[in-house]
Amino acid sequence: MPATIKTISPSTNKVVCEVPAATIEDARVVLCQSEDAFSLFKEMPFAERRAIVVKALALIQERKMELGREISEQMGRPIAYSHKEIETMQKRADYLLDIAEEALAPLPGRPESGFKRCIKKVPVGPTLIVVAWNFPYLIIVNALVPALLAGNSVVVKPSPQTPLVGDRIAEILFEAGLPKDVFQVIQSGDPAMLRELVQQPEVQCVSFTGSTAGGLAIREATAQQTISVNLELGGSDPAYVRPDADLKYVAAQLVDGAVFNAGQSCCAVKRIYVHADVHDEFSRELQEELKKYKLGDPMDVSTRVGPVISHAAQQAINGQLQDALAKGAVDATPENASFRSAPQHGNYVAPFILTNVNHSMAVMSEEKFGPAIPVAKVSSDDEAIRLMNDTEYGLTASIWTKDIARGEALIERVNAGTVFVNRCDFPNPDLAWTR
């Protein structure tokens, strides 16, 4: 009997969908088909490829509420927010569509009498996109739209937690007129198969979004190949609140940045450093803000925080909490009735605020994927920057201050790919995630 992937709802721990699991033999067939489709698709004029992508995106937006519900059912994000990911996806896609023709145009060489020289941008071939579960539509669009516009065929391997995303995009692309086999889906939850998949000779480019360990495994698996490998991995994203900041406003932004999607984002706020002059007042503002959040069933439109993705994730974040408390952290979480009455059968973790934290604690030194808000007191800008940079991760960071010039000067010293002043955890359509 063929193997299947059973997706377990984080909110009920019951199966919500089941899809056939591909074998490596199945995957080889798909890749051969993708290579054949590429040979024809690359000859399609850019304007025709663009028209197909535009039509598909419009169909996705028409169905955003239905697609958003499926996201909530599969990975547990509150239903009030799931369709907003699809709206954000459109903003990124619009930007990519705007720049595509210019980005793909040949680059002229230096003029020289008797010669004509240029650098042409040509498609590379079958492109494998490996997608994480936490923001599947937004992650896919980052690689899918450029790949198709450039004339590449695409194979997507969705997360086994959100397998229907790949199937839905396939349906919509073909409805929009994409030729057969230009876009295909391989369903698998086997890391060993993924390592073998990226080594197949048909694969010419890999885009991976997921854990740091997973990305390093992909890099190791492709080390002997001369193909392009793009990795978007984890983060331990710090924020620094200077004494001149608007504390009430900043508290609202940082609670949202730490707790949205149950904190399950590579760019979620994971560490907060607060100047000693305002530490206590700011901690109280955080408490007042967190009182407004409701933990509960993600299918309830009033819920703001749903479950974490799995029982293992629940244990991991609770383990970080207990480690911090054992080492002297103070639990400063405010009273919130919903935090004590979460549904019994899901992987729920109540958001929590910790003060008196330091870098000996896992909650400050390891990447976490949960609704934790650890707050450390610092005595100066220099101490804040030193601690912000004390990590092996470096995805995003934020400085909060009314002195914009000082904020801009400080972010120059932060070792992170995306840095903000008075903003956090924001998917800018025209900026990449970098380390």
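Over residues 4-425 I find the chain to be 42% helix and 17% strand, with the end C-alpha atoms 35 Å apart. I took this range from the UniProt annotation "domain: Aldehyde dehydrogenase", which covers residues 4-425 and comes from an unreviewed entry. I keep in mind throughout that this is a predicted model.

Cysteines. I searched the whole structure for disulfides and the search found zero. I then looked up Cys267, where the closest cysteine sulfur is that of Cys266, at 4.5 Å from the sulfur of Cys267, which is too far for a bond, because a disulfide needs the two sulfur atoms within 2.5 Å. I also looked up accessibility: Cys267 counts as buried, at 7% relative accessibility, whereas Cys118 counts as partly exposed, at 44% relative accessibility.

Helix pair. I next turned to helix H2 (residues 46-62) and helix H5 (residues 136-150), whose axes come within 8 Å and cross at roughly 150°. I therefore record H2 and H5 as roughly antiparallel to each other, since angles over 145 degrees count as such. On the H2 side I list Phe46, Arg49, Arg50 and Val53 as making the contact, and on the H5 side Val145, Leu148, Leu149 and Ala150. Sorting these residues by class, I note six nonpolar and two charged residues in the contact of H2 with H5, and no polar ones.

How values were computed. Residues numbered from 1 in each chain as written. Predicted model: local features only at pLDDT ≥ 70, side-chain atom pairs only at ≥ 80, totals over all residues. Heavy atoms only, no water. UniProt positions renumbered as here; feature names shortened; annotations may be inferred. Helix = DSSP H or I, 4+ residues; strand = E, 2+ residues; numbered from the N terminus. Buried < 20%, exposed > 50% of the residue type's maximum accessible area, 1.4 Å probe, protein only. Axes fitted to C-alpha atoms, helices over the stretch in contact; angles between N-to-C directions. Parallel < 35°, antiparallel > 145°, perpendicular 65-115°, else oblique. Contact = heavy atoms within 4.5 Å. Nonpolar A, V, L, I, M, F, W, Y, C, P; charged D, E, K, R; others polar.
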